[in-house]
Amino acid sequence: MKYQINQNQCGFLMKDGRFVKTLLCGTYHFVKALGYEVAVENMEGPVRFDKVPREVLLEQDKVFAGNVLRVMIPEGHIGILKESGVAKKVLTEAEYLYWNVWNRYSVELLDMRDPQDAGKVNKAYMAQIPLKYYKKVEVQPGELGILYYDNQVVKELQTGTYYYWVYAKDVVCRIVDLKIRPLEISGQEILTADRIGIRVNLMCTYRVVEPRTMIETIRNLENQVYACVQLVIREYIGRYRLDELLEQKEEISRFILERLREAEKNYCIEFGSAGIKDIILPGEIRDIMNTVLVAERRAQANVITRREEVASTRSLLNTAKLMDENKTLYKLKEMECLERICAQVGNIQVGGGALLEQLRELVR
């Protein structure tokens, strides 16, 4: 039987199921009836011929061994297969065979036994490595990362991107937000000292100042801070009557902030501000207070009206005294009144001249 092997191919000659040798390009004739068989394969990429153990091929045939690249991946390592210096594939199995004739291959081994060595690897390689082999940690501005190996604290991570191998150790990073956080307490129903139920809305801000201690000692930080603020509000407001609370809203905010700062160490935080947004009264109490407010405003308006009336009367009295004492001033006042009357009259029809005489007499 005739076998034609091209320049980019090779053949594996088998006789009765046993490997004989590797055939390079050329024309060959073998009698199939005598048990000969030739498997032809392109010499590109990985070696696919698997009818003979690779150790036999490499040890018994120097032609084959000289045309392939044997890659052995040690325990705790992975390989980066490069073609002409460019990364092509990640190698994770124990052994590989690649044709190294037309394509020039090389392998770079990456040691995964030390977790932090992943940070030294080219970022282009990390994009090709499966995520199960490493952990990527991103710490944003205003955050802090606490790094753990097998649940043991290793170090704190500042803002940046980090890579860690997870082969030898369990790697975990807890991210803590250090920025100022708002917390709103809405609709807290509280009974005052005079047994009136009110609802209070409060706003406060805080930030974490001891992140490591907070992680190790506190679970659900926001819920616990929320409960702390609730208790402080109830402690203060329950002491006072409704009218006292409405009069000292600013004092309430200052007291609450002071009490919160006394408790902040228990939660590894620092309070920045606290203040009452609203005090919401029950419907019937609100109606009563509105009625009282309207009555107060009406009383104030009446006082002002009476005051103005008294001032107006006093002014008229003073004017009358002056005119009584000064006849010229009296005449000027008459002329002023006459001018006002004439200003309102469109036409004056005079008959017999009596009116003109009367006007002259009036202004003398």
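**Close-up 1. C268 and the loop that holds it.** C268 lies in the loop that connects α7 with β18. Helices here are DSSP runs of H or I with at least four residues, strands are runs of E with at least two, and both are numbered from the N terminus. The model is a predicted one, in which local features need pLDDT of at least 70, side-chain atom pairs count only at pLDDT 80 or more, and totals for chains, interfaces and linings use all residues. Residues are numbered from 1 along each chain as its sequence is written, and side-chain values use heavy atoms, with hydrogens and water left out. C268 is not a glycine, yet its phi is positive, about 60°. With a relative accessibility of 4%, C268 counts as buried; buried means under 20% relative accessible area, exposed means over 50%, and partly exposed is in between (1.4 Å probe, protein chains only).

**Close-up 2. Helix α7 and what covers it.** Helix α7 has 15 residues, 249–263. At 1.5 Å a residue the helix should span 21 Å, and its end C-alpha atoms are 22 Å apart, which agrees. The expected span is 1.5 Å times one less than the number of residues. The buried residues of α7 are I252, S253, F255, I256, L257, L260 and A263. An α-helix has 3.6 residues a turn, so residues three or four places apart point the same way. Among the elements covering the buried residues of α7 are β17 (197–208), α5 (221–237), α6 (242–247) and β18 (269–280).

**Close-up 3. N220, between two helices.** N220 sits in the loop between α4 (211–217) and α5. Its phi is near 55°, a positive value in a residue other than glycine. N220 is exposed, with a relative accessible area of 51%.

Close-up 4. The loop between β14 (160–165) and β15 (171–177) contains Y167. This residue is partly exposed, at 38% relative accessible area. Leaving aside neighbours within four places in sequence, Y167 is in contact (heavy atoms within 4.5 Å) with E75, G76, M112 and R113. The side chains of Y167 and E75 are joined by a polar contact of 2.7 Å. A polar contact is a pair of N or O atoms within 3.5 Å; within protein, one must be able to donate a hydrogen and the other to accept it, and residues adjacent in sequence count only if both atoms are side-chain atoms.
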